[in-house]
Amino acid sequence: MDRETLGQRIRALRIRQGVSQAQLAFPELSDSYISLIESDKRVPAPSVVDLLAVKLNCSATYLVSGVSEDVVDELRVTLDYAEIALRNGAAAEARARFAEVLANADAVALPEMLHQARWGHALALEAAGRLEEAIAGLRELTEDASPEADLDHWARVHVALSRCLRERGDISAGVQAAEEALRHLIATGADSTDAAVHLGAALLAAFIERGDLVRARQLAVQLVERAERIGSARARTVAYWEAANVAQIRGEYEEGVALAERALLLAGDGEDPRDLDRLRVVYAGLLLRARPDQAVQARELLNRVRGEINAGSAGEIDVARCLTELARAETALGRPAEAVRLAEEALDLLGDAPRRVRAGALTVLGEACVRLGRRDRAVEVLTRAATCLEDMESSREAAQAWFDLAEVLAETGTQEPRMAAYRRALTCVGV
């Protein structure tokens with residue numbers, strides 16, 4: 001059934017209240033203008049809608065949408081509940097409540113609420129690991145979003161799309177999503193904004209996962225320069241954080257520690273707790289690599305983060321990253337059996353999808369198995385790690401994984417598999 005127009009609703013309310021056009025118009029408007037509005041020949045400005053709503057004893061939302069205030073309030077409560085559920089890690093509950101709003105026929109007439117529900121629903125799908133559905137929803141949102149209307153939200157949608165594509169293992173598509181959005185901002189002169197820094201950070205993360213360290217290093221320098229030029233604490237936090245990730249992958253661990261510490265110092269009370277926990281995991285991982293003598297401190301930090309994310313809104317990938325770094329700490333502290341348990345717990349969360357975090361957990365598991373003398377198990381999981389990285393186009397990391405596997409095989413005395421692993425390593429770096 002077609003909804004009434006704004007003009008029809010104004011006319012119906014006016015007649016129901018026994019008010020003439022002249023009376024409704026007086027003293028701010030003319031009766032002829034009211035006539036034009038009621039016949040849908042003029043679209044009143046928001047300020048006029050607000051004025052008429054007061055005169056007709058209703059809400060401006062009802063005049064514009066035709067949805068009663070009771071229904072609007074009910075939908076708003078459902079959305080608020082869904083947002084709280086999402087922040088608290090109840091992804092299934094959040095998804096159900098957002099879906100409830102999307103299924104409500106009245107939501108179509110409330111574009112802001114409808115958009116909020118679609119955005120939240122996509123994030124809830126991501127948190128639940130339903131990446132295909134999340135990507136489909138985010139693609140629709142990118143088509144509807146406008147950088148002119150809300151630059152920061154437009155950037156957030158593109159960052160989320162790039163992130164979900166990478167999590168699915170489609171790194172090239174993740175690069176493309178962030179690269180095209182950033183290119184658009186630069187072309188429109190919006191490159192010196194927080195939005196540009198966030199998109200640059202998403203692109204940098206995609207370069208890292210693809211193993212494109214030359215471009216990642218170049219972009220990291222540009223990102224830090226841009227963030228420092230903008231000056232906002234949030235932009236600088238994001239830039240230092242991603243630059244720390246690049247330093248870690250390049251093996252420049254002390255530089256990474258310094259960058260992560262700068263990011264942590266800038267992260268204020270308004271920081272998303274999930275992002276703060278992710279940054280702490282990165283910092284702890286860098287400490288383990290740069291300063292093995294501080295493994296106890298790194299483990300203490302990771303255990304604090306683990307307690308927070310288990311009780312909070314972290315998704316499976318965040319939990320798995322924390323468990324993987326905890327396993328690395330336990331290996332460094334001479335507790336490989338505990339490391340095996342933690343790495344296997346991370347892998348149980350992640351499933352079989354080719355993800356960089358899964359490859360990391362497999363690598364840590366392989367190292368722990370070597371420490372325990374379980375060579376056959378180490379060979380099996382390191383092979384899976386290298387294959388996973390190859391599938392994800394992470395050529396440099398895949399080459400390192402095949403090389404590490406060859407070194408383990410050298411200790412077992414198996415010549416042909418060892419040489420095969422070396423050949424795979426060389427193939428990954430184009431030799």
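In the predicted model, Cys 388 has a relative accessible area of 3% and is therefore buried. Cys 58, at 17% relative accessibility, also counts as buried, because the cut-off for burial is under 20%. Across the whole structure, the search for disulfides returns 0.

According to an unreviewed UniProt entry, residues 10-63 carry the feature "domain: HTH cro/C1-type".

Helix H4 covers residues 46-55, and its buried residues are Val 48, Val 49, Leu 52 and Ala 53. These residues lie on the same side of H4, because the arc they cover around the axis is only 140°. The buried residues of H4 are covered by elements including helix H1 (6-16), helix H2 (21-25), helix H3 (31-38) and helix H5 (60-65). Exposed residues Ser 47 and Val 54 are found on the face of H4 that is turned away from the buried side. After H4 comes Asn 57, which has a positive phi near 55°.

The largest nonpolar core contains 82 residues, and the members that touch the most others are Leu 185, Leu 199, Leu 203, Leu 204, Leu 302 and Leu 365. Helix H12 (residues 194-210) supplies the largest share of this core, with 11 residues. A separate second core has 17 residues, among them Ala 359, Trp 402, Leu 405 and Val 408.

When neighbours within four places in sequence are left aside, the contacts of Leu 365 are Val 340, Ala 343, Glu 344, Leu 347, Arg 377 and Val 381.

Methods. Residues are numbered from 1 along each chain as its sequence is written. This is a predicted model: local features need pLDDT of at least 70, side-chain atom pairs count only at pLDDT 80 or more; totals for chains, interfaces and linings use all residues. Side-chain values use heavy atoms; hydrogens and water are left out. A disulfide is a pair of cysteine sulfur atoms within 2.5 Å. Buried means under 20% relative accessible area, exposed over 50%, partly exposed in between (1.4 Å probe, protein chains only). UniProt positions are given in the numbering used here, feature names are shortened, and annotations may be inferred rather than shown by experiment. A nonpolar core is a set of buried Ala, Val, Leu, Ile, Met, Phe, Trp, Tyr and Cys residues joined through side-chain atoms within 4.5 Å. Helices (H or I, at least four residues) and strands (E, at least two) are DSSP runs, numbered from the N terminus. Contact means heavy atoms within 4.5 Å. The arc is that of the directions from the helix axis to the C-beta atoms.
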